Amino acid sequence: MTIQDEGARVDPRVLRTRRLLQDALLSLARERSLDEISVADVADRATVNRSTFYQHYPDTDTLLADALDAQAALVGADLSQIHPGTNPGTPPDVLVRYATHVAENVGLYRSALGEHGSPVAVTRLRRRIAALALEGLELHGAPPALAGLPRPIAAAALAGSVIGVLVAWLERDPLPPAQDAATWAWSAVSGWPTDT
């Protein structure tokens, strides 16, 4: 579901076509790098024409972002399920599931979030994490190092930290366990001492 569809009722035929396009892109991404996949390739694999593709997506980056969101939701790893009041010492289960999902699809995520990755996918992930961080800041206040910043800026700093951890984890070979990545990412946003 694209961002503009959130909260709106979508025709089941539209959802089915988007799912076909997402599955086609993910299938192609297992065979070659994302920058080698064209709209025509996706349309051919999904058995639709290019005009149908463009009725649903402006480009392959937006399609990729939707496909990654849908896959994460399917495995119960939608990061919007994280509650900022969670114990700071232990990463939430949904974050561990997300890291596990990323590890199981490491090639795709290395390509999507890497140096030549998808700006749309990275931006969407950053916005989702920043929204969660902002909620946490509203509930618990800012850590001392970020206390002087406007809350949206502090939330962006925390989101950047989490994405930085995820990208650095994905760059390691061999890939450390998903539990480690979840712990590191959670430490980046919750391991700050507070003034209270």
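Is Thr62 buried or exposed? Select Thr62 to begin. Thr62 counts as buried because its relative accessibility is 13%; buried means under 20% relative accessible area, exposed over 50%, and partly exposed in between (1.4 Å probe, protein chains only).

**Before moving on**

This is a predicted model, in which local features need pLDDT of at least 70, side-chain atom pairs count only at pLDDT 80 or more, and totals for chains, interfaces and linings use all residues. Residues are numbered from 1 along each chain as its sequence is written, and side-chain values use heavy atoms, with hydrogens and water left out.

**Whole chain**

Show the protein as a cartoon. Nine helices and zero strands make up its secondary structure. From the N terminus, the order reads α-α-α-α-α-α-α-α-α. Helices (H or I, at least four residues) and strands (E, at least two) are DSSP runs, numbered from the N terminus.

The accessible surface comes to about 10400 Å², and 53% of it belongs to carbon and sulfur atoms. Accessible areas come from the Shrake-Rupley method with a 1.4 Å probe; for residues, only the protein chains shown count as cover. Of the 196 residues, 40% count as buried. Among contacts with a separation of 6 or more, 60% are between residues 24 or more positions apart. Contact means heavy atoms within 4.5 Å.

Return to Thr62, in helix H4 (residues 60–74). Leaving aside neighbours within four places in sequence, Thr62 is in contact with Tyr57, Val120 and Arg124.

Asp66 lies in H4 and Arg124 in helix H7 (residues 119–140), so the pair ties together parts that are 58 residues apart in sequence. Both Asp66 and Arg124 are buried.

A salt bridge is a side-chain nitrogen of Lys or Arg within 4 Å of a carboxyl oxygen of Asp or Glu. By this rule the count is seven.

Select Arg13 and Asp11. Their side chains meet in a salt bridge at 2.6 Å, N to O. Arg13 counts as exposed, at 55% relative accessibility. Asp11 counts as partly exposed, at 29%.

Next, select Arg32 and Asp41. This salt bridge spans 3.3 Å, N to O. Arg32 is partly exposed, with a relative accessible area of 29%. Asp41 is also partly exposed, at 21% relative accessibility.

**The nonpolar cores**

A nonpolar core is a set of buried Ala, Val, Leu, Ile, Met, Phe, Trp, Tyr and Cys residues joined through side-chain atoms within 4.5 Å. The largest has 50 residues, and those with the most contacts inside it are Leu21, Val42, Tyr98, Leu125 and Trp169. Elements giving two or more residues to this core include helix H1 (12–29), helix H2 (39–46), helix H5 (93–104) and helix H6 (106–113). Helix H8 (151–171) and helix H9 (178–190) are also among them. H8 gives the most, with seven residues.

Zoom in on Trp169. Not counting residues up to four places away in sequence, Trp169 touches Ala99, Val102, Ala103, Leu175, Pro176, Pro177, Ala178, Ala181 and Trp184.

Last stop: select Ala133, Ala154, Ala155 and Leu158. They are included in a second, separate core of six residues.
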